Amino acid sequence: MLLPLLLNASHILKNDLLNPQASKLIEDMGNELAEKTDIHGYVIATNENFPVKFNLVTYSKKYEDNMSKPYVVLIFAANARLTEKSTHRGRIALIPSSTEVGKLYDKGDVIDATIDVVASKDKNTKEDKFNVGIVQGFSELADQIASAKNVKMTTTIPNDTRYVIRALQVVVIIGAILVFWMFLFRPIYMRIRHGKRK
């Protein structure tokens, strides 16, 4: 009798890739997210060999009986083919239960948080990168949804890359303003100023 309840409580709908530690982190974040925002987060971590242009939205529908609405599903398909000629494999998808839920997070930021770890060149194994990448992506997703709902998560993992990128964006913007001032606006200003003196 308890088995269906346990299945519905799980935030991991399919697990071909996650180790026990990563699974626990996702379950903790998923539980807190649902408790604080009433949005349910789910993960499908699969090593199925999906063909090019395989419809992940349709694929996610077969897990709907184990999901509670409103929800977002993060699908990490490690062996999905990108193109016929490409040797690289792997697709990430975020599938919300509604457009309203989809507006609570930035899809690009969540995918970047996942890919940044997986694509990094270091000594970690591919399996370790998958685990860290999925956890980091789910953490970013949970943080963004919580922020949109004006609550704070305590079980998520800080995404240091996000802060570095934002700092770099500020530096680039300030640099661009200085360049525009020095080469475009300052000469015009000086001409006007000196013209008025004459």
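Q: Which residues lie nearest the centre of the largest pocket, and what makes them lining residues?
A: Ala-78, Arg-89, Gly-90, Val-118 and Phe-130 lie nearest the centre, among 14 lining residues. Lining means having an atom within 4 Å of a pocket point; the points sit on a 1 Å grid over the protein atoms alone, in an open set with protein on both sides within 12 Å along at least five of seven lines. This is a predicted model, where local features need pLDDT of at least 70 and side-chain atom pairs pLDDT 80 or more, while totals for chains, interfaces and linings use all residues. Residues are numbered from 1 along each chain, and side-chain values use heavy atoms, without hydrogens and water.

Q: What makes up the lining by class?
A: There are eight nonpolar, three polar and three charged residues. Gly counts as polar and Arg as charged, while Ala, Val and Phe count as nonpolar.

Q: Which strand gives the most to that lining?
A: Strand 4, with four residues. Strands here are DSSP runs of E, at least two residues long, and helices are runs of H or I, at least four, numbered from the N terminus.

Q: Why are strand 1 and strand 4 called edge strands?
A: The four strands form an open sheet in the order 1-2-3-4, and strand 1 (12-15) and strand 4 (89-96) each pair on one side only.

Key: Pairing = 2+ DSSP bridges. 1 Å grid on protein atoms, 1.4 Å probe; cavity = no way out; pocket = protein on both sides within 12 Å on 5 of 7 lines; lining within 4 Å.
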